[in-house]
Each structure stands twice: as structure tokens, then as C-alpha cells.
Amino acid sequence: DAEDTAGGFVSSNSRSGSVTIKKQIYDFGEADSRMESARYGMDTARASYQQAEQQVILDILTAHVNVITTQKAFDIRTANKERLEAQTEAENIKLEAGTSTPTRLAEAEARLARAISDQILAEANLQSAQEAYQSLTGLADFSLQPVLLRRDILPASINEAEQMAGREHPMILSGLAAEKQAENEFKILKNSLLPKVNLSLS
């Protein structure tokens, strides 16, 4: 403290302060529950990422197989159309030679018209499959080979498949982690209502 005297007046300056240290000693497990809840949140996020990753792979494989199957269907429809074109031309020649009838020619033309319609539909399906594949992969090379499956890593039975899914499927793992996280959040809420033990030093 300091005092100054001037002209009969006294001015005084004083300073004071205090420091308080406060530490929580026991929180009935609330901090541990929060840490555990955060870990379950990370598990949920990791499983969700794996699920998204697997879905992308599945979509690409599905598009790959669709290109192959629609290409085969288009090839079959094209070959069938060419065969019926030859038959229709043959029936037309026979009719001109007097060895066939207009009815047989009309039947051949009807079959050919149906084959042309089927080929147009098959071509549209092929183009759609190719566009989907290119959209997912960015590749424009559609000369694809069949997907080879490793049967040695596939489950041997439905029961084994269910057990594997329970251990490894991201959606199941995400659901389990989310359930545990919800349980911990409820535990945190209950612990937050309990009294805290603190130590204070001044």
C-alpha cells in the first residue's frame, strides 16, 4: 500500500489479489464414461466408412458383371437377328421360285421383326450398363473378363456365413458400437447428476 500527502489531502493506493486452485478428485466415473463413449463413436465412424467402401466395391463389381452379361445378351440377339434375316431371305427366294407360300414368308418376317426389336432392347441395356460402369470407374474400355471368385475364402454354409457377418460386417459392427455408445451416454447423464468431490486451495 502507498499513501501520498499533498495540499492537506491524502490519497491511498492499495492492491489485493487471491489465487484459488481447484481440482476435481472424484466424478463417479463420468470422465471414464466420456472417454469410452468417444471410443465407441470412433468405432461407429470406422464401421460406417468400411460400409461405404464395401458398397462402392460392390457397385463396381455389379456394374462389371452387368456389362459382361448385357454384352452377351446383345451378341445372342444380334446372331439371332442375322439368322432370321437369312431365313426370311430364303423364304422370299422360295416364294419367288414357287416352292413356298406367302404365309411362310409372313411368319418369317414376323419372327425377324421380333428379333430386331429384341436386339434394339439388348443394345439399349448394353449402353446403359456401359454408362454405369464408366460413371463408377472412369474407364471406357468395356472388353471385360468374368470375375474370378476365390471359393477358398467363401463361407461353406449359411451358418458360417451368419457367424462371419456377425464378426465382420460393417453394418452390424456399426450398430453394436452405436448401441454401446448410447448406453454410455445414458451412464454419463446419470453420473452428471451425482455430486462431485473437489479439492480447493486458496
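Predicted model: local features only at pLDDT ≥ 70, side-chain atom pairs only at ≥ 80, totals over all residues.
## Where L149 sits

Helices here are DSSP runs of H or I at least four residues long, numbered from the N terminus.

L149 has a relative accessible area of 61%, so it counts as exposed, the cut-off being over 50%. It also belongs to a nonpolar surface patch of about 620 Å², along with I57, L61, V65, V147, I153 and L154.

Now for the inside. In soluble globular proteins, nonpolar side chains tend to be buried together. The largest nonpolar core in this model is a set of six residues, namely A63, V67, I68, A129, Y133 and L144. Helix 1 and helix 2 each put in at least two of its residues, and helix 1 gives the most, with three.

Setting aside neighbours within four places in sequence, A129 touches N66, V67 and T70.

What does T70 touch, once neighbours within four places in sequence are left aside? The list is N125, L126 and A129, and A129 is one of the core residues.

T70 itself is part of helix 1 (residues 30-97). Its relative accessibility is 15%, so T70 counts as buried, given the cut-off of under 20%. V67 is another member of the core.

Notes: Residues numbered from 1 in each chain as written. Heavy atoms only, no water. Buried < 20%, exposed > 50% of the residue type's maximum accessible area, 1.4 Å probe, protein only. Contact = heavy atoms within 4.5 Å. Patch = residues over 30% accessible without salt bridge, like charges linked within 9 Å, V, L, I, M, F, W, Y side chains within 5 Å. Areas by Shrake-Rupley, 256 points an atom, 1.4 Å probe, with all protein chains shown as cover. Salt bridge = Lys/Arg side-chain N within 4 Å of Asp/Glu carboxyl O. Core = buried A, V, L, I, M, F, W, Y, C linked by side-chain atoms within 4.5 Å.
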